[in-house]
Each structure stands twice: as C-alpha cells, then as structure tokens.
Amino acid sequence: MRLELSAEDAAFREEMRTFFTTQVPQEIRDAVASRRELSKDDIVRSQRILNAAGLAVPGWTVEWGGRDWTPLQRHIWHEEMQRACVPIPLAFNASMVGPVIATFGSQEQKERFLPPTANLDIWWSQGFSEPDAGSDLASLRTTAVRQGDEWVVNGQKTWTTLGQHGDWIFCLVRTDPDAPKKQQGISFLLVDMTSPGVTVRPIQLIDGGHEVNEVWFEDVRVPAANLVGEENKGWDYAKFLLGNERVGVAPVGQTKRVLAQAKEWARAGGVLDDPLVAAQFADLENDLLALELTALRVVAHSADGKPHPASSVLKLKGTVLQQAVSELVVDIAGPASLASGATADESDVDDWARVATPAYLNLRKASIYGGSNEVQRQIIARTILGL
Amino acid sequence: MNFEYDDEQEALRDSVKALLGKAYGDFEQRRKAVDADPGFDDSTWRRLAELGVLGLPFAEESGGMGAGPVEVSLVAEEVGRVLAPEPFLATVVLAGGLVEAAGSDEQKAAVLGPLAEGESVVAFAHLEPGGRWSPTATAVTATSSGDGWALDGVKEPVPHGARADVLVVSAALPSGGTGLFLVDPAGTERSGYAVHDGSRAARVTFSGTAATPLGDGGDATATIATALDRTRIAACHQALGAMSFQLGATTSYLTSRKQFGVTLNTFQALTFRAADMYVSLELARSLTLWATLVSIAGSPEEIADAAARASLQVSKASRHIGQEAIQLHGGIGMTAEYAVGHYTSHLTALEHWLGDGRFHLSTLASCIGDHDEVDPIP
C-alpha cells in the first residue's frame, strides 16, 4: 500500500502538466475554462497539437500512434488534460472508432483511416442509436443489403453528436435480419457522409444549442471494403467500443476544475459565506475525492486489461456529480443566470453565469448517454452483485 | 501508487478473519456474548492477544508488534464484518494509542504490556454529559496538591468504562488546556450499562480521585485530537467490514426470498437499490483506504483532514446501506434474532461515539475557502 506516485509517474505527471499548460493555445484553454462552446476549428487545432506530440491517441496500439503507458499513466494524461482546460481528443475518433479499426480492421483500413483519425483530418460521427433502439441498442433496424461489391444502407440514426461536422460515420447496421438472436445479425460499417442519400438534420435541445442530429440513409451505397472485421460480428465490436467509452466517461478532472472555479464565483458573489452553500461545496468536494480515488483504484488494478468491477461506479457517480456541480453553479449565479440568451455585448453578466443554466440543462444528457445510469445499475446488480 | 495489501498483511487478515469467524460466524454466538457483562467474550479477547492483535500498533519496546495503520485497518474491518464485540477500537486503538503517544516509557510498559497480553482492559474516559466531539475536557477538572493530582466531575458515556482495569482520563487543567491522566478505577464510582448495539458504556464519577499525569503532563489537546482522528479512520474500516456484510446479506436474501412465486431479485425496484448500496460502499472504501495511507506519514493536520473526509463519506454510506439493508429484508430485518439490523445499530453507535457526518461536514465546510481543490496524491 502506497499513496505516492513512483518517481517515474511523478515525472510523467509533471511532463504532461507542462505540455498541456504551455503548448495548447491559451485562447482555446480560456474558452474551455469559461465553458464557452468550442468551434470545430478549436477542437481540430487542439487535437493536432496533441497528435504531433504523440498525445492524442495513447490508448491505441503503439504501431498506430499509441503509447506503451500503464493504465495509471493514461489516467494521469486524461486528468492533467482536463485540469489544464485542454479539450479531450474527439471521443468518436480517439476512443471509439480508432480502437475498433486498430483492433478489428483490415490492414488497408488501418492504413487508410488511422492516421487521419488520430489527426482529426477525418471527423467521425457515431451511428448507433435509432429512434426505437436506445438502451436496447441491439433492436436497431437500419439495414445494409449486399449488392455486388457494395452495401446498400437504409434507415435512420439519431442522437448523432456533432454530426454536423462529420466527414465519416461509423454505423451499426443489420446485415442478417434472420439471425436467431438480434445481436447476431449486426455489422460495423464505415460510411462517407458525403455519399448520396445521407442527410443530416439538426435536433434542437433544451439548452438552445445544436449538438445532436438525426442522420438518414436512403439507398446509400457503401463499398464492401468499408465493413470492419467480420460480417455479423458488429455487436462484439460495439461492446468493445462501449467498454472503452465507459472508462473515460467519468470526467473527474473536469468536474473538479468546475467546482474549484465555482468556489471563486461563489466567493466573488459573496455566497461562499452562506453555511449551506459552504456545506454543499464540502459535500460535493468530498464525493468527488471519493470518486477520484475510486478511479485511481480502478486504474491501479486494471493492469491485466480486464475492467475493474468498480468501473461502472465511475460512470454512474461521475455523471451524477458532474450534474450536481453544474446545478450548484446555477444556484451561485442566481438571478444572473437569466441572462442566458444574451451575448457578451448585450449583458453585464459574466460569461460563466450566462452559460450556467444552458450547461446545467445540457448535462442532463450525461446520465443518459454511454449506457444510461439505469443500465449501469443493471450491470452492477447483475455482474457484480449476482442479482 | 498501490492499493494492494502485501502477503504479510493478507496473512494477518486471514488469521484474524479465521479467529473471529470461528467465534462469531454464527450470529447466535455474538448475541450470547453481548447478553452478559462485560459485553464481550474473554476467551476471544485472549485469543486476539495470542495472535498479537491487542498490541498491534504499539512499539515493540512497549510490548507491541510495531505495526502501522494498514494492519490496524485490516483488523478493524474484520471486527466489523462479524460485529465482534471485543473493544479493539476503544481499548487498543484509542486508549492504548493515547498511552503510546503520550506516556512515559514506564507507563507504556506498565499499561500497554498487560493490554497487549489481554490481561488488562484500558478505556478512555473523555466524553462528557452535554458535550459533543471536542478534543478538550471541561466537566472533569484536575487539581494538584502537594502529593499529586486529583480529578473531580463526571465522564459519560465511557465506552467499556465499567469493565476497564485502567482509565485514561482527560481533564481540564488549572492552567488551561486539557491534560491526560492515568486513573485506577477503584477510586471512581462507575455505573455501567448496555449500548443499543450490544456494546457497553458507563458513567464514571470522580470525587477527588487520585490521578497520575500521562507522560510529562501539560496540555494534551493535540495528542487527543490526533488519537481520535486515527481511531476515526480505523472506525471507518470497521464500518466498511460491517457494510460489506450487510450488502452481502442483502444480495443473498434477494436471490433466495420468494414472493409472488419468484425470488425478489426479479424486481428491478429492489436490485437497483442494491446497486446503489454497492456504489456507496465502494466510494466509502476508496476514501477510507486513502485516509489510512495519509495517516501513515501525514502531519496531524493532514490526518485530521483525511479522518474528517473518510468519516463523512462513511457516515453517508453507513446510513444509506444500514437503512436499505433493513428495508430490502423487510420484517425479518427488524428482528433481534437476525443479524442485519444489529449492524445498522452498530454503525449508528460507531458514528455517534466518534463524530457524526454533520460534525465532519461542518468542519470541512468551515475551511472550504482555504483551498481551490483537493489533490489526493502527495
């Protein structure tokens, strides 16, 4: 039992801290710090800087730009990035489709897609959920029918985050409607979003923003070579992908940072002296500390590659705390939060207070995506508790 | 960074688990032990001594094993798992810890030797009627005359105060501050009683009772505070052991109890609540393990902070898990013959002996502006 980082890991942490706070443009980090929406260009620019330094896709195999880091080092990388207000590499590229192609793709697919995926030359979108396939993802109905050297895709995907920026979309499609189990007839297909028949339609959300989309496929022709791995094995690849998604999905560092900022905002507004507010800070800070330590326990013990049983706790509690902190920020903003529709020119209210409620409303999504928190409870009850 | 126990620590856990499992694996044995005074089993106490558990944290010169907080935490967790009524925390960790921290070499040898050998029970008389969880004393006062010190006033509740062979007593000093004294209980008036969780406590009245300053005498407030903090961290482990048992008992019950012709785990309304109990337990475990590691080499301030944080998390978890364990069992969880409710009773006692969640939250809230964020890694 030992709390201290090894000398090697301590040096690693310092190296990450220095890089993130000196090499990523200040204006991008300021935008993250004030919780402003990042432009596509900001996200691309930041990821390319990381990629040039070998810091965009450390989780991939070394051959394709990954780093031979321990799980603890990867955790430190992830936390320090959030701490320094550096945008996390686009998840669809870095932690979803990239690892799937690197693990299950053909050599041609790896050579064609992995370098531009790491560098965000290709912006990937995720085509998983459908109107009738949410938590029950395997009931998806978008079909791909083989015609010669092509797949013909028809159907509708939804909740496609940032699909308006997407160049390519990785989709789960039904390739065998007669499979005995619905999980068995699904394949993993890469689709160029400029293909004829692909239509992206925005979905307005309660925070007023345009973050997610519907994507329609009408007789979209996709080269057969774009199917990843084996036909009808797509469900296995999706489970692999979602397993990766869950681990990074508890943004401890980011939530800690917002809570620390919120303390400043509360102090400036004179509400930190309110004992009820102070107690709420203390309670959230303690819960976050417990969560961070749980994450450290998980990474310190996951050296054999198998996920630690407590990892479902991370998604569940991590999103709950992320939401709770965003809720506290709205309370600290108080009446100033009503200036949510104003631009900086139109209002004397600080940036953070104007975005407080949209951010709070937006983050209600966190307990829904990536396997809703009810799905996480199901996983804990079944797999860990044997219920 | 490493959160794994080493082989020696695992071996210690295994032997303590085996010993206590044999004694109290059958909950009826525990009920028998707490039914009669002194509220625990003398033979189990002696066997713990033979294993070295009662001298675990004391230096070898004092007759102990020279082990650290991690070893203490393992024992506490196993004590909690079977709800062993032997006063490991009160006697070894707290009262013994104070003697180890403040006593002279002669006092350590005289008090800790017999304690480690299971021949003497030592109790810390500190809490006072009307008081809360302060490290200071006001109701019991110390006065010095030519031939020594005398104490006056009332301490209550004193855990295991009626059974104790030696009392460590905190008292207000004439010059201000709080001193620590060794007292022969023969010079006191004691009325012992049972606590709701089967443990024992007492009112101890001092009337010009002769007392010997522990160590050099003088203000011992800081020593008391740190000893309480170390005990709080160990108590968090004891609670973890108890909560682990409750979660295990609850999941077993859900998979075996049938209603409406099916086992209860068929009902998601119940299994989701068990999942939430697991979340509470794991978060509490993470913070408690961390606090233990901080206490190995931390400053008194760092130990106080870690103890408050772990205690707050464990308070929330123990109320959540303790209450849900009874609810998910239904009526059987309310009965004295069934174990699970006794665990809730014990978790409640543990927290109110050493400081409840609100107390710790208040401490943490009062210094919330002193730091931007908490970095758990030194």
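Predicted model: local features only at pLDDT ≥ 70, side-chain atom pairs only at ≥ 80, totals over all residues.

**Exercise 1.** Work out what share of the contacts in chain A between residues at least 6 apart in sequence join residues at least 24 apart.

Solution. Take a contact as heavy atoms within 4.5 Å.

Residues are numbered from 1 along each chain as written, chains are lettered from A, and side-chain values use heavy atoms, leaving out hydrogens and water.

**Exercise 2.** Find how much of chain A is buried.

Solution. Call a residue buried under 20% relative accessible area (1.4 Å probe, protein chains only). That gives 54% of the 387 residues in chain A.

**Exercise 3.** Check the length of helix H3 (residues 40-52) of chain A, then see what packs over it.

Solution. Helices here are DSSP runs (H or I, at least four residues). First, the expected span is 1.5 Å times one less than the number of residues, so the 13 residues of H3 should span 18 Å, and the end C-alpha atoms agree at 18 Å apart. Next, list the buried residues of H3(A): A:Asp42, A:Ile43, A:Val44, A:Ser46, A:Gln47 and A:Leu50. Their cover includes helices H1 (7-23), H2 (26-33), H4 (71-83), H5 (91-104) and H6 (107-118) of chain A. Finally, look past the end: A:Gly54 follows H3(A), with a positive phi near 75°.

Methods. Buried < 20%, exposed > 50% of the residue type's maximum accessible area, 1.4 Å probe, protein only. Helix = DSSP H or I, 4+ residues; strand = E, 2+ residues; numbered from the N terminus.
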